[in-house]
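The sequence and the model are shown first, followed by notes grouped by topic.

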Amino acid sequence: MIKIESITIREFRGIRDLTVNPTRKNFVISGPNGSGKSGVVDAIQFGLTGDISRLSGKGTAGISVLRHGPHVDKRDDPEAAEVSLTLYVPGITEKAVLTRNARSPKNFTLTPDTPKLRAALEEISLHPELTLSRREIIKYILVEAGERSKEIQALLKLDDVGQTRAILQTAKNKLSTTQSSAQRELSNAADALRRHLDVKKLSKEDILAVVNPSRKALGLATIEDLTSDTLLNAGVLESGAQPVFNKQSALRDLNALSELLPDSAELGRSQTFALQKDIAALESDPALLQVVTRRAFVERGLSLVDGPVCPLCDSEWDDLEHLKRHLQTKLAKSKEAEAIQDRLLTNAGQLASHARTIVSLLNPVLVLAKADGPSGFAEELTAWSAALQDLASHLGSVEEIVARKESLTSGWVGVPPSTAEAIATLEGVVKAKPDQSGTVAAQTFLTLAQDRLNSWRTARRAEKRATRDAARGQKVYSAYCEAMEEQLQSLYAAVESDFSTFYREINADDEGAFKAKLEPSEGKLDLKVAFYDKGMFPPAAYHSEGHLDGMGVCLYLALMKRLLGERFTFAVLDDVVMSVDQGHRKQFCALLKKHFAKTQFIITTHDKVWAKQMQTEHLVDSNGGIVFHSWSVQTGPVFERLGDVWHQIDEDLVKNDVNAAAGRLRRHLEYVSAELADSLGAKPSFRGDFSYELGDLLPPVIGRHGELLREAAKTAQGWKDKDAEERVEALKKERLDALDKYGGESWVINKAVHFNEWENFSKPELQAVVDAFRTLLGLFWCPKCESWLYVTPRKGQPESLRCRCATVNLNLKGK
Amino acid sequence: MATVQEQILMSFFGKLADTDELDEETITALRSLLQSDKKVKAEEVVALLKENTEGAE
């Protein structure tokens, strides 16, 4: 995986020309809605993958990176839209510059271009989830269990898992089908042998009981045991090329077919009825018929998709995701079709089985008909047998079944009209033949018995093989399912535990006992969460939207931890932290620092106070961010880099750009006054709409600072802590000097703070204001740890005024 | 860190090795098929699992 050192964006989305330098560290991009933040997110995603997820989900038909990636003024010049990323790959400690333009999103240049760097890039392209937007976190939380299962399985790259399972299941089913067919063949062969021997069951004793008298009649040795290579007709003279005829056996064969005829209309009736009904349903709805007949085709296509070109028709799509979604939609529509398909194949399979049984009865009669049947009967039987075999072998797919619909009626057996009469005639001919001599009867009986025993043995071997194959198929499939279930159970348990831990750490003050339960079941993933001590509920049942967002982020982080482990070195959190309420932001920062210290987060937010808090909480460095103020089509975003605000103001003034300097100072003061009011516990006049302005906040902040120093002085005296007294005195003196300077400029500061007349300043006036505020804000700032002062604890009576590194640390807790 | 699929396959082949129904040669062939980069077809698995020799009666 990678980290980003710098990003250069030209003419891409809403950005004309911008370079930002995250320097492999956490980086925050803040600004109001519509100021261009998402343009940076899009650029990162495009640079890394050649794709932009916002241009590929639902409701983005007709939108593409090629056409809509470039800045709107460059839409006819996609080559001008370029993103360049300087990447660092921690695993191999190498750097590279990756450049793409919108003309050919899938192509890129990499400098240097080495196999290891390419491999790192390929891995990134497999993980679009590294960019997380709010709409994505919601899909893990506020969705049906089936949808959640799909989303999480996609994130965890479980497609391969499901695909392998499906392949093994298909293999198992095919082997099982072969086994059923072999069982049917064995059953038919057994019937033929039983009929010839005229026995009820094929036990060794029963067979030998009818075979040995014939052998005795021929003066042949009795067979004592029936083994796999026993020849029932051992010693019998070969009959030559003539078919073997045994009168009694022939009569039984004729009788078997004859008995079938009266009931032939009933045979397979329920199957043909169901088949006709389903075929009629398909034909009355051409769209459904199309879906059913194409279903297998689409399934196959979906399994072969590995790029934006459709494997079924070679059409080129904007990207792989659009193509996949298109095919998945086709399949999703065909749930009803799937049920019909299953019924059609099952009923047709049973019908084919009946057909093969009839053929097995018909074939011995055909031999008799050829020798002694009435004229044309053998030809009729041949055609009948061929028709049934043809039908049985062409009922394996929906298309074949529908094509055969004319045959699949109650008369599907297709008994030739004169069959009963012809059989009766043939039977008469056979009966009229003189009884065979004992010798001939015994010879033909034994020879036919051996023929049918051979067929039965062959069928039994095939059946045993097919049974063993089917058992292997079943074993392989069930072993895979077991392994899958165990691994997924363990994975989900780990995710559940991490998710609960993360959420508890953020909400320790009010949900310290929070726990969650992920319950996987066939195609579903239920999520239940604790609501205080009231029980486990679906997330949206009682939790607020803010808490749900927090859950989404926590679940995402837990999943990524399991998915990538140490390789989770980079993620973009696109406005997903906006709903973390103020009271929990510190904990959120602490969570990322504690559990994901090696991960570089690029975080966007429209809340500028939140952005600054990430700095004061040291989630991002003091210069680890950029603030977008506004945006226009012509200029792109108007921005300011963090960390160098005074330097930038000085530069503005050197350039005589008083308006820019004034605007920068005002925005900085607005942020700092809000931050300090919060961290020091200042008490501005309450505003019901919470829209505090600079004039509402700054005076109470200054006043609160004085109060805290007085309190610290009093406490130090109470404890008789001379050192502390001296430290407080030094701070009080510093404050007096700063306020003198501030007060000296009060006439112009008032214009600014209370009357908002920033734009009317002259350069010297503004320079004086800048100097005064720089000195004033220095009272609240620790240059060593680069943090604002704060009181602790946040709630209740303050016990100390301090900075993060404790260079400033004044005791406020008296005796 | 192995992917979920890699972990599943590792456990899966471990389970197969403990059974008498598949010989080592078949398991090795199945392993090489399922761990290859190409798209696997069900027919290939069927061919692997089918007995090549005549079984005993």
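Predicted model: local features only at pLDDT ≥ 70, side-chain atom pairs only at ≥ 80, totals over all residues.

In chain A, five strands form an open sheet in the order β2-β1-β4-β5-β6, with antiparallel pairing. The edges of this sheet are β2 and β6 (109–111) of chain A, each of which pairs on one side only. On average, neighbouring strands of the sheet are turned by 15 degrees against each other, direction ignored.

- Strand β1 (residues 3–12) of chain A pairs with strand β4 (residues 82–89) of chain A in the antiparallel sense, over seven bridges.
- One of the residues involved is A:Lys3, whose bridge partner in β4(A) is A:Tyr88.
- β1(A) also pairs with strand β2 (residues 15–20) of chain A, again in the antiparallel sense, over five bridges.
- Within β2(A), A:Val20 is the bridge partner of A:Ile7, and A:Leu18 is the bridge partner of A:Ile9.
- β4(A) pairs with β5(A) over eight bridges in the antiparallel sense.
- In that region, A:Val83 has A:Arg100 of β5(A) as its bridge partner.
- In a regular strand, side chains alternate between the two faces of the sheet.

**Hairpins**

- The hairpin of β1(A) and β2(A) has two residues between the strands, and A:Arg13 takes a positive phi near 50 degrees there.
- The hairpin of β4(A) and β5(A) has four residues between the strands, and in this hairpin A:Thr93 takes a positive phi near 45 degrees.

**Cover over the sheet**

- β4(A) is mostly covered, with seven of its eight residues buried.
- Helix α1 (residues 37–49) of chain A lies across β1, β2, β4 and β5 (94–101) of chain A. This helix runs at about 110 degrees to β1(A).
- Helix α3 (residues 115–125) of chain A lies across β4, β5 and β6 of chain A. Its direction is at about 60 degrees to β5(A).

**Chain A as a whole**

- Chain A contains 26 helices and 19 strands.
- Of its 815 residues, 37% are buried.
- Among contacts in chain A with a separation of 6 or more, 66% are between residues 24 or more positions apart.

**A residue in helix α9**

- A:Lys277 is found in helix α9 (residues 269–284) of chain A.
- A:Lys277 counts as partly exposed because 13 other C-beta atoms lie within 10 Å, whereas a residue is exposed at 12 or fewer and buried at 20 or more.
- A:Lys277 and A:Leu344 are 67 residues apart along the chain, and their C-alpha atoms are separated by 9.7 Å.

**Contact between chains A and B**

- The contact takes 39 residues from chain A and 25 residues from chain B.
- On the side of chain B that touches chain A, α1 (4–17) and α3 (42–49) of chain B each supply at least two residues.
- α1(B) gives the most to this side of chain B, with eight residues.
- The residues on the side of chain B that touches chain A divide into 12 nonpolar, six polar and seven charged.

**Helix α16 of chain A against helix α1 of chain B**

- The axes of helix α16 (residues 438–506) of chain A and α1(B) come within 8 Å and cross at roughly 135 degrees.
- Because of that angle, α16(A) is oblique to α1(B).
- The crossing of α16(A) and α1(B) is right-handed.
- From α16(A), the contact is made by A:Val476, A:Ala479, A:Tyr480, A:Glu482, A:Ala483, A:Met484, A:Glu486, A:Gln487 and A:Leu491.
- From α1(B), the contact is made by B:Val4, B:Gln7, B:Ile8, B:Ser11, B:Phe12, B:Lys15 and B:Leu16.
- The residues in the contact of α16(A) with α1(B) divide into 10 nonpolar, three polar and three charged.

How values were computed:
Residues numbered from 1 in each chain as written. Chains lettered and ligands numbered in written order. Pairing = 2+ DSSP bridges. Contact = placed C-beta atoms within 7 Å. Nonpolar A, V, L, I, M, F, W, Y, C, P; charged D, E, K, R; others polar. Axes fitted to C-alpha atoms, helices over the stretch in contact; angles between N-to-C directions. Parallel < 35°, antiparallel > 145°, perpendicular 65-115°, else oblique. Left-handed = near helix turned anticlockwise from the far one by under 90°.
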